[in-house]
Amino acid sequence: MTDEPSAHDAQLIKVAQACLDFARDGDTARICAYADRGVPVDLADSRGNTLLMLAAYHGHTDTVCGLIERGAEVNRPNDRGQTPVAGAIFKGEDDVVRALVAAGADLEAGSPTGRATASMFGREDLLS
């Protein structure tokens, strides 16, 4: 037995890493094309950050909307309990917050919650 990934597994890892980068960089066309071809829309990195979390945290509203349209879980927390909406509030990404809330993001989910995050940063205006 070997610990080396097969050629097929290595290719899957390469695609997954590229998709995480596309979400982080806001490459909406590419990430949506990969999702449309079967890449799981809730693909996550080693810390539980989904494609949606990465796009939200980096302020890519179009990418967030494209992932939501493809069924991304808007309330899925990362391994630290943070949700995409709390991350977007923390980073001051107002348009992303609005898109997530419109898609049903729960402001009471996560740790800290989106509501608590907004309060910490004086951004209660995003909650209405």
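**The pocket and the salt bridges**

Reply: The largest pocket is lined by 17 residues. Nearest its centre lie Asn49, Met53, Tyr57, Asn78 and Gln82. Two elements give two or more residues to this lining: helix H3 (51–57) and H5. Keep in mind that the model is predicted. The volume of the largest pocket is about 400 Å³. Sorted by class, its lining has six nonpolar, six polar and five charged residues.

Helix H5 spans residues 84–91 and also holds Phe90. Phe90 is partly exposed, at a relative accessible area of 44%. Together with Met120 and Phe121, Phe90 forms a nonpolar patch on the surface. The accessible area of these three residues together is about 330 Å².

Now the charged pairs. Side chains of opposite charge can pair when their charged atoms come close. The count here comes to eight salt bridges. Three of them follow.

Take Asp21 and Arg24. Their closest N and O atoms are 2.6 Å apart. Both residues sit in helix H1 (residues 7–25). They are three residues apart, so about one helical turn separates them. Asp21 is partly exposed, with 38% relative accessible area. Arg24 is partly exposed as well, at 26%.

Next come Asp27 and Arg30. This salt bridge has its closest N and O atoms 3.8 Å apart. The cut-off for a salt bridge is 4 Å, so the pair counts. Asp27 has a relative accessible area of 25%, which makes it partly exposed. Arg30 is partly exposed too, at 47%.

Arg70 is partly exposed, at 31% relative accessible area. Asp36 has 52%. Exposed means over 50%, so Asp36 counts as exposed.

Definitions and conventions
Residues numbered from 1 in each chain as written. Predicted model: local features only at pLDDT ≥ 70, side-chain atom pairs only at ≥ 80, totals over all residues. Heavy atoms only, no water. Patch = residues over 30% accessible without salt bridge, like charges linked within 9 Å, V, L, I, M, F, W, Y side chains within 5 Å. Areas by Shrake-Rupley, 256 points an atom, 1.4 Å probe, with all protein chains shown as cover. Salt bridge = Lys/Arg side-chain N within 4 Å of Asp/Glu carboxyl O. Helix = DSSP H or I, 4+ residues; strand = E, 2+ residues; numbered from the N terminus. Buried < 20%, exposed > 50% of the residue type's maximum accessible area, 1.4 Å probe, protein only. 1 Å grid on protein atoms, 1.4 Å probe; cavity = no way out; pocket = protein on both sides within 12 Å on 5 of 7 lines; lining within 4 Å. Points joined across faces, edges and corners; volume = space filled by probe spheres on them. Nonpolar A, V, L, I, M, F, W, Y, C, P; charged D, E, K, R; others polar.
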